Amino acid sequence: MLEIQGLSKSYGNNVAVDNVDFTVPDGQVGILLGPNGAGKSTIIKSIAGLLRYKGMIRIQGLPARTIEAKKVFAYVPEIPNMFDALTVREHIEYIRMAYNSDITDEEVENILKEFEMDDKQDKLGNELSKGMMQKVSICCALAVKPQVILLDEPMVGLDPAAIKKLKEVVLELRDQGVTVLISTHMLEMVEDLWDIMFVMEKGHIIGSYTKQDAEGRDLDELFFAMTGGEKE
């Protein structure tokens, strides 16, 4: 479970996020939506531990800043960062050791094969395209065997086959009871994934829907109804 309570963050006199609350239960996929400048990135970076903030973030009931919480949490950033001098496989080994993950060599091989990176294990970080770096970032996150996973615009830069596989993986994680939060503006990419949606505007959550409450309406229809925009 991912719980956000009273989250606030200001940059000088600019309030980026103002007293935000939301929860993504175990075994559900939450989608964080909003226009540019709404505060999504601030929330994402706060959950990932990259910003100081006011309020409380809990991961599986544990304060997000604790080592215990970080051990069960994985993060796929919008812009992947690779170590230039480490190979693809060494990136995963680094994460496996850092998190003391019990993932097996066979499971690592399967993850690499699923994302068509098994034949690129010896490539260095500075030899990878953006799409390949995104795949490595996803593989590293899965190697943690997280109970909560955060994905920020995870499908940007991926080829169609990788997008299809990532969708399958997200649904598999949900079926395993993992909590998933995806921040995205690509509504059509998450239409068949979401269980609960949160819409941000000007630093606030202005509304949320569960799949059951949606009564068959499309994700983009719900989003534009909340934000006052028009469905294209």
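Helix H4 (105-114) contributes the most to the lining of the second largest pocket, giving four residues, where helices and strands are DSSP runs (H or I over at least four residues, and E over at least two) numbered from the N terminus. The model is a predicted one, in which local features need pLDDT of at least 70 and side-chain atom pairs count only at pLDDT 80 or more, while totals for chains, interfaces and linings use all residues. Residues are numbered from 1 along each chain as its sequence is written, and side-chain values use heavy atoms, with hydrogens and water left out.

## Pockets and the cavity

Rolling a probe the size of a water molecule over the atoms shows where empty space is left. On a 1 Å grid over the protein atoms alone, a cavity is a set of points where a 1.4 Å probe fits but cannot get out, a pocket is an open set with protein on both sides within 12 Å along at least five of seven lines, and lining residues have an atom within 4 Å of a point. Points are joined across faces, edges and corners, and a volume is the space filled by probe spheres set on them. In the classes used below, Ala, Val, Leu, Ile, Met, Phe, Trp, Tyr, Cys and Pro count as nonpolar, Asp, Glu, Lys and Arg as charged, and the others, Gly among them, as polar.

| Space | Volume | Lining by class |
|---|---|---|
| Largest pocket | about 810 Å³ | 21 nonpolar, five polar, five charged residues |
| Second largest pocket | about 320 Å³ | seven nonpolar, two polar, four charged residues |
| Largest cavity | about 40 Å³ | eight nonpolar, no polar, no charged residues |

The largest pocket is lined by 31 residues, and those lying nearest its centre are Tyr75, Pro77, Ile95, Tyr99 and Ser137. Two or more lining residues come from each of helix H1 (40-47), helix H2 (67-70), E6, H3 and H5.

For the second largest pocket the lining comprises 13 residues, with Ile111, Leu142, Glu172, Leu173 and Gln176 nearest the centre. The elements that supply two or more residues to this lining are helix H4 (105-114) and H6.

The count of cavities of 30 Å³ or more comes to one. Its lining consists of Ile138, Leu142, Ile149, Leu151, Leu166, Val169, Val170 and Leu173, and the elements giving two or more residues to it are helix H5 (130-143), strand E7 (148-152) and helix H6 (160-175). H6 provides the largest share of that lining, four residues. Leu142 and Leu173 are named both in the cavity lining and among the residues nearest the centre of the second largest pocket.

## The chain as a whole

The protein chain has eight helices and ten strands. Its radius of gyration, taken over C-alpha atoms, is 18 Å, close to the 17 Å given for 232 residues by the globule rule (2.2 Å times the number of residues to the power 0.38), so the chain is as compact as a globular protein of that length. Along its principal axes the C-alpha trace spans about 50 × 35 × 30 Å.

Of the 232 residues, 48% count as buried, a term that means under 20% relative accessible area, with exposed meaning over 50% and partly exposed lying in between (1.4 Å probe, protein chains only). The chain exposes about 11400 Å², of which carbon and sulfur atoms supply 48%; the areas come from the Shrake-Rupley method with a 1.4 Å probe, and for residues only the protein chains shown count as cover. Among contacts (heavy atoms within 4.5 Å) between residues at least 6 apart in sequence, 66% join residues at least 24 apart.

## Individual residues

Thr87 is placed in the loop between strand E6 (73-76) and helix H3 (88-98), and with a relative accessible area of 13% Thr87 is buried. Setting aside its neighbours within four places in sequence, Thr87 is in contact with Gln121, Asp122, Lys123 and Leu124.

Thr227 belongs to helix H8 (residues 219-227) and counts as partly exposed at 22% relative accessibility. With neighbours within four places in sequence left aside, Thr227 contacts Val199, Glu201 and Ile206, while its C-alpha atom is separated by 8.6 Å from that of Met200, 27 residues away along the chain.

Asn19, in strand E2 (residues 14-24), has a positive phi of about 55° although it is not a glycine, and at 49% relative accessibility Asn19 is partly exposed. Lys145, in the loop between H5 and E7, has a positive phi of about 55° and is likewise not a glycine; its relative accessibility of 38% makes Lys145 partly exposed.
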